[in-house]
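I opened my notebook to look up a few things in this structure. Here is what I wrote down, entry by entry.

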Amino acid sequence: MLLSPGVVADEAADLIGLINQFRESKQSCEGQEVGPVGPLTPDQTLSGIRLGQDKPLQSMLHQAGYQAAGAQALGFSGPADAETAMGLIEDRYCRALLDPDVADIGIRQEGNTWHIIVAQPLLDENLGDWREAGKAVLARVNEARSVPRSCGDTEYQAAPALQWDAKLAAAALEHSEDMAEQGYFSHTGKDGKQVDSRAAAQDYAFSHIGENIAAGQGAVEQVVQGWLASPGHCSNIMEPGYTEMGAAYALSDDGKGTIVWTQVFGTPLR
């Protein structure tokens, strides 16, 4: 079956969405419970790399201009659509798909042949401190909210811009730092508390509260695009009921310098 370029691109985007849904919850992989892990960001450079050229992956990444701390490549043939492809790879390649260290993904489909590259990008040297980065996240989120958008199977109309809130930012920073320092990735803290408790601890009285988390994305644009490529995270970004937001990142001291992000949405109690 010959697919048009537009259909191929749609199938690749759909597969990224399915992979991100897979990463959102705990999975059984090779007899072990793994996850949840953060969403992967679609990367056009990775999508443009054609595997099977008898070249080392790192060499192809370097030639394409992608600076990676690490990467894995997956190749398979047979499925014509994203749903069938996901059914094949969720068992065969579960370890790579659930790798917590990777944050970017590129998918290239040529007929019934698929090439997937997952990679860990280097940190952006111009990232700035957590508050600068958090406010840059807000700007990107408001750009995303300014136009209608599909989050998985849910359609959203354009939503009003969010305002920065220092209390939500403090709650985001607290959780990012805790995840980075204690080496975990979850909406539930080691103390058992969730985002509602963390916001309340900052004296933020709310009618609605929500949270996105991510790990590994070394730049603001990457982390926001990763959330938008994950249906559940995208829905939080496009939720018209939220009016305020705070965001922050933290770096682990595990020797890898892993970056962890938290984004907290809220609607104050009036």
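**Entry 1: A205 and its surroundings**

Leaving aside neighbours within four places in sequence, I found A205 in contact with T267, P268 and L269. I noted that the model is a predicted one. Next I asked how far apart A205 and P268 are in sequence and in space. They are 63 residues apart in sequence, and 5.8 Å apart in space, C-alpha to C-alpha. I placed A205 in the loop between α8 and β10. Is A205 buried, partly exposed or exposed? Its relative accessibility is 44%, so I put it down as partly exposed.

**Entry 2: D203 in that loop**

I stayed in the loop between α8 (195–201) and β10 (206–215), where D203 lies. I looked up its backbone angle. Phi of D203 is near 65 degrees, which is a positive value in a residue other than glycine. D203 has a relative accessible area of 63%, and the cut-off for exposed is over 50%, so D203 counts as exposed.

I then looked for a positive phi elsewhere. E30, also not a glycine, has phi near 55 degrees. I found E30 in the loop between β1 (27–29) and β2. Its relative accessible area is 60%, so I wrote it down as exposed.

I moved on to the loop between β2 (32–34) and β3, where P36 sits. Which kind of peptide bond joins G35 and P36? The bond is cis, with omega at about 0 degrees.

**Entry 3: Two domains**

I checked the domain assignment of the chain. It gives domain 1 (11–121) and domain 2 (130–268). Their centres, taken over C-alpha atoms, are 24 Å apart. I looked at who touches whom: 17 residues of domain 1 are in contact with 18 residues of domain 2.

The size of an interface is often given as the accessible area lost when the parts come together. Here about 1,200 Å² is buried between domain 1 and domain 2, and carbon and sulfur atoms give 55% of that area.

**Entry 4: What crosses the interface**

How many salt bridges does the rule find across the interface of domain 1 and domain 2? I got zero. I did get polar contacts between domain 1 and domain 2: eight residue pairs.

I sorted the side of domain 1 that touches domain 2 by element. Both α1 (5–23) and β3 (41–42) supply at least two residues to it. The largest share, four residues, comes from α1. I then sorted that side of domain 1 by residue type, and counted nine nonpolar, five polar and three charged.

**Entry 5: Helix α10**

Is α10 enclosed or open? I went through helix α10 (residues 231–238) and found seven of its eight residues buried, so the helix is largely enclosed by the rest of the structure. The buried ones are P231, H233, C234, S235, N236, I237 and M238.

**Entry 6: Q263**

I ended with Q263, which lies in strand β12 (residues 259–268). Its relative accessibility is 0%, so I recorded Q263 as buried. I listed its contacts, not counting residues up to four places away in sequence. Q263 touches V137, V141, G210, E211, N212, W227, I237, M245, G246 and A247. One of these, I237, is also among the buried residues of α10.

Note on methods. Residues are numbered from 1 along each chain as its sequence is written. This is a predicted model: local features need pLDDT of at least 70, side-chain atom pairs count only at pLDDT 80 or more; totals for chains, interfaces and linings use all residues. Side-chain values use heavy atoms; hydrogens and water are left out. Buried means under 20% relative accessible area, exposed over 50%, partly exposed in between (1.4 Å probe, protein chains only). Contact means heavy atoms within 4.5 Å. Domain bounds come from an automatic or database domain assignment. Buried area is the accessible area (1.4 Å probe) that two parts lose on being put together, summed over both. A salt bridge is a side-chain nitrogen of Lys or Arg within 4 Å of a carboxyl oxygen of Asp or Glu. A polar contact is a pair of N or O atoms within 3.5 Å; within protein, one must be able to donate a hydrogen and the other to accept it, and residues adjacent in sequence count only if both atoms are side-chain atoms. Ala, Val, Leu, Ile, Met, Phe, Trp, Tyr, Cys and Pro count as nonpolar, Asp, Glu, Lys and Arg as charged, and the others, Gly among them, as polar.
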